[in-house]
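Student: I should like to work through this structure with you, one local feature at a time. May we begin once the sequence and the model are on view?

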Amino acid sequence: MQSLNRRNRIEIGVMTVVFVIAAVLVYKTTILTRMILPRMTTQVKAEEENFYLLRDGDHIEQSFRYPSDELLSAGTRISLNEKRLKKFVEDDKNKDLGALHLEISDESGASVMSADYPVYTLADEQNLIASFEGTQTGWENQKLTIRLDVEDIREELELAVGYTTREHNDVSLTINGEHTDYTLNIQTADRQFTYWRTWGLFGAVLVYGLLLGTYLGLAVFRFKPEKVFLFTGAVLAVIYLLLLPPLSVPDEEAHYKQAYQITNRILGKGGSESDTIQMDTEDFHAMQIFETTPSLTEYDKLKTKITQPGRESGVTVVPHSDTRAPAVTYLPGVIGILLGRVLGLNGLWVIYLGRICSILCYLFLMYWFIRTMRFAKTAAFIMAVLPMTIQQCCSYSYDSLVIEFAFLYIAVVFGLVYEKEPIQKRQIALYTAFMILLSICKGGTYMPLCLLTLLIPPERFSSKQKKWIFTGCMAGIAIAAFLSGTLRSVLFVVSPTEEQAAGAYLAGETYGAAGLLSNPMEFILLSARTLFLNSDSFLENMFGMQLGWLDINVSRIVIYAMALMIALSVLRIEDGRGEMKPEITAGQKLFCLFAAVCSIGMVFVSLFISWTPRESMEIFGIQGRYFLPLLPMAVIWLSSRNIVMKKDISRKIMFSAICMQCVAIYGILLSLERIL
């Protein structure tokens, strides 16, 4: 075991000092601000159709037992006709529309807080709350009473409070001295988000462990990049798993439902309807916790419900449209969901187990990818830890396995093209397997990469004839795989039935295949305009500048720094040390570019047909992540005989990439703060 030398100790010391300063900054700018935000909690939720219309002189008393220790405010939620309120204020030219007086009292009947609300200031769905000057403690299990007095209001405003007829323990409602059988909506607030201090400390330890472990693996123990990745990728995946809850990745809900449907078939459950699936009620309710945009309330529910044992009984029918993707692309998620359901875990664990299995698959396949990219391991390492790569590969999205399959296929092809030894049966088997997977995934969008077969030199075979036999066989296998596994999806896009077209996006108002065939020049012009206007955003989002539903931002510094690192990592080293770089000809570069352009063209064609409305000025629906599977070919395009580096800095580049990931994590935290 290699010991730390003086230089290592100095570098670790500097890294630790910088990290501590950064950690304090993160705590001040993100964690602390969360802790001081109030948390609104609905103690009793009103039913949508039930409202009590307030009248002048009403006196309402709603008692309930408060379950938490801390209390900031308490009250109820009202509804009113905002249009009539606005008309009254404009017509009467005054604001004398009455008032609501709210008072909160404790078990002894003493008033603890109060507030007055002039009616002209109110809004529909507003919370009427009375607050302390600061958070108070010691309220757990105490009985509180909300008193609401109505003065001089106009019934035309339809000012009302919601109520529920469901039974609740320790609640009592009286209206004008008469007891009722229902319960008003009850809202309270506290500052229970103080648990973010604990999460902040845990996150700081996790990030510091990421930096220290990566440094030790690269600089001290000198592990190979793929072995360092197993540690680094695992820690980064866990961080992303904690920061980005399920369904925050684009279209993840649809992919989760698709994976769930497959587990239904395995377990022999569910009906045959194509537009619905049957979910266990427990899993359906767990799915409802999540929204596309993460929020503090969502994290709060996760914290309290993740440890609840058992499963709720019953089945719920949920709307769902078939993604028409092959089942293999959902395999990790299916394994996780199936495991959670068989073990009887709660719904949150069922969802998270699928994501955890996706992470394990990501670690295994990306380890394999880095190991296979023998002359570009550093570049492969960086591609494997890009923000977009981790986001997609740690979710239910079928992009996860598509990215991994494409990366591995390209790595295997490069091995066949640039290695000198005779081709082996194992290499042919791997090449065939990944080529088939690439042909059946994502509607065959990346099938043009199979053209790279033509680059394999005849010298790898015993004769030129065998090379062309091999090429013909591979072409036949790819086409057969495409027709058997992907044709249904392609026909849905190119030639949908009347029923499919009626239920599709824009319901037949898109260009469709007929629009492409009748006016191909329109497609060419829109493609050129789209590239001119959005090529920079495609590049940035391919690396991960905007995560989630384009609402979580990562600094451009991170994105362009990682792009620069990939470019530097493929350069030759002057003294010949470092990764051995093969001789890459201009013809090979052009052919790789041609294959990539064909795949990009298929992306543009499919979205022109199915997503772009007629008379549009550009092609709709194109996302930078669609081009991520093509990124490994950059090691061919960026290679140069004329530019060399004097010293091998590949390990410094890999560590710098992880430092950039730490900056990206900070950006995610800041974005979450803005959208919470």
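Predicted model: local features only at pLDDT ≥ 70, side-chain atom pairs only at ≥ 80, totals over all residues.

Student: Which helix gives the most to the nonpolar patch on the surface?

Tutor: The patch consists of Leu590, Leu593, Val597, Trp637 and Leu638, with about 440 Å² of accessible area together. Three of its members, in the count "3 residues", come from a helix spanning residues 586-610. The helix that gives the most is therefore H20.

Student: Is Leu638 buried, partly exposed or exposed?

Tutor: Leu638 is placed in the loop between helix H21 (634-637) and strand E19 (644-645). Its relative accessibility is 37%, and the class between 20% and 50% applies. Leu638 is therefore partly exposed.

Student: How far apart are the end C-alpha atoms of helix H5, and what span should its residues give?

Tutor: Helix H5 covers residues 252-267, which makes 16 residues.

Student: What covers the buried residues of H5?

Tutor: The buried residues of H5 include Glu252, His255, Tyr256, Ala259, Tyr260 and Ile262. Both strands and helices are found among the elements that cover them. These include strand E14 (276-280), strand E15 (315-319), helix H6 (281-288), helix H8 (331-343) and helix H9 (347-372).

Student: Which residue follows H5, and what is its phi?

Tutor: The residue after the helix is Gly268. Its phi is positive, near 70 degrees.

Student: What geometry does the aromatic pair of Trp199 and Phe202 have?

Tutor: This is one of 25 aromatic pairs. Its ring centres are 5.9 Å apart, and the planes stand at 85 degrees. Both residues lie in helix H3 (residues 196-220), 3 residues apart, about one turn of the helix.

Student: How are the rings of Phe375 and Phe414 arranged?

Tutor: The ring centres of Phe375 and Phe414 are 6.0 Å apart. Their planes meet at 45 degrees, so the pair is tilted.

Student: How many residues apart in sequence are the parts that this pair of Phe375 and Phe414 ties together?

Tutor: Phe375 lies in the loop between H9 and helix H10 (377-384), whereas Phe414 belongs to helix H12 (residues 399-418). Phe375 is buried at 12% relative accessibility, and Phe414 is buried at 3%. The pair therefore ties together parts whose separation in sequence is 39 residues.

Student: Which residues does Thr445 touch, leaving aside those up to four places away in sequence?

Tutor: Thr445 is found in the loop between helix H13 (425-440) and helix H14 (464-485). At 9% relative accessibility, Thr445 counts as buried. Its contacts are Ser599, Met602 and Val603.

Student: What is the phi of Leu550?

Tutor: Most residues other than glycine have a negative phi. Leu550, in the loop between strand E16 (546-547) and strand E17 (552-553), has a positive value instead. Leu550 is partly exposed, with a relative accessible area of 42%. Its phi is near 60 degrees.

Student: Where is Asn141 found, given its positive phi?

Tutor: Asn141 is not a glycine, yet its phi is about 70 degrees. Its place is in the loop between strand E7 (127-136) and strand E8 (142-151).

How values were computed
Residues numbered from 1 in each chain as written. Heavy atoms only, no water. Patch = residues over 30% accessible without salt bridge, like charges linked within 9 Å, V, L, I, M, F, W, Y side chains within 5 Å. Areas by Shrake-Rupley, 256 points an atom, 1.4 Å probe, with all protein chains shown as cover. Salt bridge = Lys/Arg side-chain N within 4 Å of Asp/Glu carboxyl O. Helix = DSSP H or I, 4+ residues; strand = E, 2+ residues; numbered from the N terminus. Buried < 20%, exposed > 50% of the residue type's maximum accessible area, 1.4 Å probe, protein only. Expected span 1.5 Å × (residues − 1). Contact = heavy atoms within 4.5 Å. Phe/Tyr/Trp six-rings, centres within 6.5 Å; stacked < 30°, edge-to-face > 60°.
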